[in-house]
Amino acid sequence: MLKAHSLDDIVAAVRNANAAHAPLRIRGAGSKDFYGGLLAGEVLDVAAYRGIVAYEPTELYITAKCGTPLAEIEAALAEKGQMLAFEPPHFGGANGGSAGATVGGCVAAGLSGPRRQQAGAVRDFVLGVKLVDGTGQMLNFGGQVMKNVAGYDVSRVIAGSLGTLGVIAEVTLKVLPKPVAETTLVFECDAAEAIRRLNEWGGQPLPVSASFWHDGQLWLRLSGARAAVEAATGKLGGNPAVNPENHWNSIREQTHPAFAASPLWRLALPSTAPSPALDGLRAIEWGGALRWYAGDVDGDHAAIRVAANRLGGHAVLYRAPESLRCREGAFTPLPPALLALHRRLKKAFDPAGILNPGRLYAEF
Amino acid sequence: MANMSKNNNAVISVDREALERGLRRVLPAHCLLLGEEDLRPYECDGLTAYRELPLAVCLPETEAQVIDVLRTCHQLGVPVVARGAGTGLSGGAMPHAQGVVLSLARFNKILRVDRAARIAVVQPGVRNLAVSEAAAPFGLYYAPDPSSQIACTLGGNVAENSGGVHCLKYGLTVHNVLRIRVVSIEGEVFEIGSEAPDAAGYDLLALMIGSEGMLGVVTEVTVKLVPKPELAQVVMASFADVAKAGDAVAAIIAAGIIPAGLEMMDKAATAAVEPFVKAGYDMNAEAILLCESDGTPEEVAEEIARVTEVLKTAGASDIRVSQSEAERLRFWAGRKAAFPAVGRITPDYYCMDGTIPRKRLAEMLSSIAAMESKYGLRCANVFHAGDGNLHPLIMYDASKPGDWERAEAFGAEILELSVALGGSITGEHGVGIEKINQMCVQYATPELEAFHRVKAAFDEPGLLNPGKAVPSLHRCAEYGRMHVHHGDVKFPELERF
């Protein structure tokens, strides 16, 4: 294992790996080792390259080194009443034993939490990255301002690229004020009714910031100005939730029993898509657009992918034994022309193919 | 007045007759313009200082024709410049002298508005405002609202990642487009993004949006629609000092408020606008701020009260809250008419588009004031204050020898200062041909090389909008300006204005 304590360490590790054509497996806290394809290559541990570089509450951005734990960033933001609005999971931290997710891993994986349906995804908040590409070249894309259309928007592409285009050394994220008021309501209904209601509410000017359906119960979180939350509460009915913070935290961290399945499939669909003809629906999030299914190790994996594609979405084999993820691929296969484009783009940043090979797709 | 200094046409030689034959084979006569008088209207976009006649203008009506045109050009090695309404302000749609303009103007159909799913599927030649008009019966609208929204097209918005006065709260084009269909230079069709919250693979949508027609030609766009707020109200505040107005903007954000719009105009801008629009602006103020709140009536009342309190504490000399929709629109009318109003008091103006950290605003404005004396030209400033995007309008007279050259140098100095202050040379208008030299200041060689590799991954022969958006390293060497890294300028001991 290589441990990087500085930017120079990262650059040196990548240069050596590039020269030797020896794959590197980039790792922050390792909280998402379960996610994606094959874990191959020598570990490049960047957790020690950490710390907040700049935080400007009135400019609405924070810049941090890749190994900075999300917990540290969120604590700094909370002091000024601000937050990472996409509510990324920590998968660990205070209760989980390990240090919890780092900001570099958070951007690389591109996973967002419950507030994504209102605020947007990780990529919507990435303003800039300092990237070490596969040749060891340091590159700065984007910046610290909200609006910047100079050059291609490479920093947003890095979100969700699983470390295959470069080592994220530093990242700048847009931050937002925490809502003044928050209330959670609970409704009793089946899945189809939940999808119908969520889409109906989505078309109205209501401050819905999260939704979660599981086992006959629909949880709805309202966030915003006090008056707006109160007005919506009066309009929607439902029962006020007990201990809503714990509940939403268990969704964000996926410690809720709904996520306790292996294999666990993540289906991203148009929010109005009817339920696919699949067994094992565990949960619905994001206003109907995110659906979780329990799979079967010996089940028909292709059928799940086909069902999601037919409905205009895609299916991720999210949590599963590594052998199964390697055999089936974690992500929906790309059409040939798009795959070829991905390979060319990969080559533009990592010509020797040494950064997290196979983590996104087995082909690169 | 044509200025050819930045035009980049020398390297390519094209067999004009073969091109005409090839295009005639794939397009009906009414979709192809070849005569000089027909080509003339396409010689520039909204940035009229740069002009070039193309060899041909193609006006395809189907995606199959777009594919055929691109294949033909690919085969013959002919540059292709895609064009929407031609309202862009950076010369992104300026033709190539040896190339073809591919106009998407006839792709003007709204294919689907899905009320339940809150999406619209449109062709790229559909006007921005037309999308919101089509969605209005359902209480929905398309959020990005560039000031040219009555004319600019969705395809152009995708190419430029357009913003608007409401993007602080509702985001840019990149936050509101879900899916696009793209044709590559080889004529291959890609579906990028989806109606689901994410798609498999790299987020190519983020790469395509704002790529200025360099990576592919968009033939269909799916956008997100959002519920129209029940009410909007605007607070107008006057300040005797621009620095105080800048501080007020920071104070609003620090109070945890993200207004629907937050705009600033300086005295030169209000002086130009008021006689024209009669918006009721305070003519004695050095700067006025417009702060809009939207949402439910209760929410708006709560936010307006908080904003008013913050503005008072920040030292506003006068505060007015719109009392009716008519008054709200009047307050905005001045801001929206700022460009034409300035156009009335000067023969020509040159609009800049830098972004800066908000806290550097006062510094930027005093530097601009110094540049006005240096270049002997006046400048009015309108500012998307909420997101740090400044539009200085440099006034000049194109008929006076040397005026345009001074305006251009004035603008270049503003952009380079934007970078030095930690910002960007363009917030929403794009690089195009206009800011191609300043890209050498914003980015160092390794980043520019990476951009060229990205371009080649999509467009290997480099035929899509060549010479725009990303400068060649050779050009940067010729321009001779250095990339400023984290504010470390050469000769740091010298004062810079």
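This is a predicted model: local features need pLDDT of at least 70, side-chain atom pairs count only at pLDDT 80 or more; totals for chains, interfaces and linings use all residues.
Chain A is divided into three parts: domain 1 spans residues 2-177, domain 2 spans 181-252, and domain 3 spans 261-328. The centres of domain 2 of chain A and domain 3 of chain A, taken over C-alpha atoms, are 24 Å apart. Each of these two domains contributes 11 residues to the contact between them. On the side of domain 2 of chain A that touches domain 3 of chain A, two elements give two or more residues: α7 (191-202) and β12 (208-214) of chain A. Helix α7(A) has the largest share of this side, with seven residues. By class, the side of domain 2 of chain A that touches domain 3 of chain A holds seven nonpolar and four polar residues. Charged residues are absent from that side.

Chain A also contains an open sheet of five strands. Their order is β4-β5-β9-β7-β8, and the pairing is antiparallel. Strands of a sheet pair through backbone hydrogen bonds, either parallel or antiparallel. In this sheet of chain A, β4 (52-56) and β8 (138-142) stand at the edges. Each has a single partner strand, so one side of each is left without a neighbour in the sheet. From one strand to the next, the twist averages 10°.

Within the sheet, strand β7 (residues 126-132) of chain A pairs with strand β9 (residues 167-174) of chain A. This antiparallel pair runs over six bridges. In one of them, Gly128(A) has Thr172(A) of β9(A) as its bridge partner. Helix α1 (residues 7-20) of chain A packs on the sheet. There, α1 touches β7, β8 and β9 of chain A. The direction of α1 makes about 135° with that of β9(A).

The contact between the chains takes 73 residues from chain B and 64 residues from chain A. Several helices of chain B each supply at least two residues of the side that touches chain A. They are α7 (173-176), α8 (204-208), α9 (242-254), α11 (297-313), α16 (439-442) and α17 (445-458) of chain B. Helix α17(B) gives the most to this side, with seven residues. The side of chain B that touches chain A comprises 32 nonpolar, 22 polar and 19 charged residues.

Notes:
Residues are numbered from 1 along each chain as its sequence is written. Chains are lettered from A and ligands numbered from 1 in the order in which they are written. Two residues are in contact if their C-beta atoms, placed from the backbone, lie within 7 Å. Helices (H or I, at least four residues) and strands (E, at least two) are DSSP runs, numbered from the N terminus. Ala, Val, Leu, Ile, Met, Phe, Trp, Tyr, Cys and Pro count as nonpolar, Asp, Glu, Lys and Arg as charged, and the others, Gly among them, as polar. Domain bounds come from an automatic or database domain assignment. Two strands pair if DSSP finds at least two bridges between them. Axes are lines fitted to C-alpha atoms, for helices over the stretch in contact, and angles run from 0 to 180 degrees between N-to-C directions.
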